[in-house]
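Reader: I'm new to this one. Can you walk me through it?

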Amino acid sequence: MGRLGVVIIGLNGAVASTLVAGVALMKKGLVPRRAMLTEPDDAVNAEKLTDLLQFASLEDLVFGGWDLNDESLYEASLKHGVFRADELQEVKAELEAVRPWPAVFSREYAQNLQGRHVVATDGGHRGQIEAIKRDLTTFKEKHGLRRVVLVNLASTEKWMERTAVHETLEGFEKGIESNDPGVSPTMRYMYAANSLGVPHANFAPSLANVPALRIQAENNGVPYCGMDGKTGQTLVKTAMASMLRLRRLMVDGWYSVNFLGNNDGLVLDDPASNQTKIRSKASVLDSVVGHKVENHQVHIHYYKPRGDAKEAWDNIDISGFCGQPMQMKINFLCKDSILAAPLCIDMVRILDVAQENGEKGIQRQLSVYFKSPYAVDGEQPQHDPFVQERILFNWAKEISAKRQNAQARSATNGGAASLGARQQKQD
């Protein structure tokens, strides 16, 4: 299929460094190829995407990206501590060879971060967008890539409301020229990607699903998806909520707490960024259980000793037959980046297939990976993970059927052309 570039905003972060280190370890056969829908797994006896579609191999993935820190991916991976030092030693050379490009950043959007490896601001929004485009173009040419896919793994930006600058492409581009603060760093990256026809996934909860960028993506044939990766507590919540709806058990209250100590937790310690995340996490429950949950609370706490080993507590108050009260308590101890990294690999590969098949705009089949799946105004996104899974597999079956039909027509036309040539020769 040819080499596929994966460019990441936040390359030295916990999720991105885990993703790249994990792929390097899998390539060497040092760890199992697990937890990806786009990777064959004979140990799983279930319907497989890989039986329907062919995806880029791990061996064909090439990584690059931007970060506020200019250390190598090896140094970043050691610091985050998701993989053991002895595991990382096995892929040290591969990780040391990858260093990030200067990032587009402003503390206005993430108060708890410091940026020292950043794109100059003297050229304004337009200058930063052109720098992003140069990085993408150079990366693709340098490595001889057939396509590049962008993934946003940057820290959560502050909560932003949609304003007039977001409503039309013309207004958005005027906002770029005037350095409008409504055009956030995340939006500058997405605008640059759309300009070059680069598919993208917004794994952060930062605002980017605005009409202007949707129009630009559709005009340029760009498939994209988002937002806010559904990895730990929200995955458990939506799956459990589906079970409660099935049994018609009423949810009287749901109290959720997260403790995490990685850089994501540090950023979310800022109330403005925390609001963005909380809104995303809290938005999913009512639509899955099928009724308004009056007492739904979500809390996120930065607790440095935990590092990437997040703990999620859930207390669920329910009422069943004859209104009798019951409780359920869940304690999920997980590694945030280990849950997130394989989802990013899946999204990159699926976006690649989508663009290969002429798809553009919001890719709803990727809703299964997000807390707040993208939708156009007036459309209600689907949050039930089991329904989302069916949407993904139905999409894959449609693409597979189209390919088979195209191959059959090609074979028929080729046979007819060959027969015609033989008859002409005999004449």
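This is a predicted model: local features need pLDDT of at least 70, side-chain atom pairs count only at pLDDT 80 or more; totals for chains, interfaces and linings use all residues.

Reader: Which residues of H6 are buried?
Author: Leu169, Gly171, Phe172, Gly175 and Ile176. Buried means under 20% relative accessible area, exposed over 50%, partly exposed in between (1.4 Å probe, protein chains only). Helices are DSSP runs (H or I, at least four residues), strands likewise (E, at least two), numbered from the N terminus.

Reader: Where do they fall, seen down the axis of H6?
Author: Within an arc of 160 degrees, so they line one face of the helix. The arc is that of the directions from the helix axis to the C-beta atoms.

Reader: And which exposed residues are on the face turned away?
Author: Glu170, Lys174 and Glu177.

Reader: What do the buried residues of H6 pack against?
Author: H5, H7 and helix H8 (211–219). Contact means heavy atoms within 4.5 Å.

Reader: What comes just after H6?
Author: Asparagine 179, with a positive phi of about 55 degrees.

Reader: Switching to H5. What follows that helix?
Author: Glycine 144, whose phi is positive, near 60 degrees.

Reader: Which residues of H5 are buried?
Author: Ten are listed by name, among them His125, Ile129, Leu136 and Phe139.

Terms used:
Residues are numbered from 1 along each chain as its sequence is written. Side-chain values use heavy atoms; hydrogens and water are left out.
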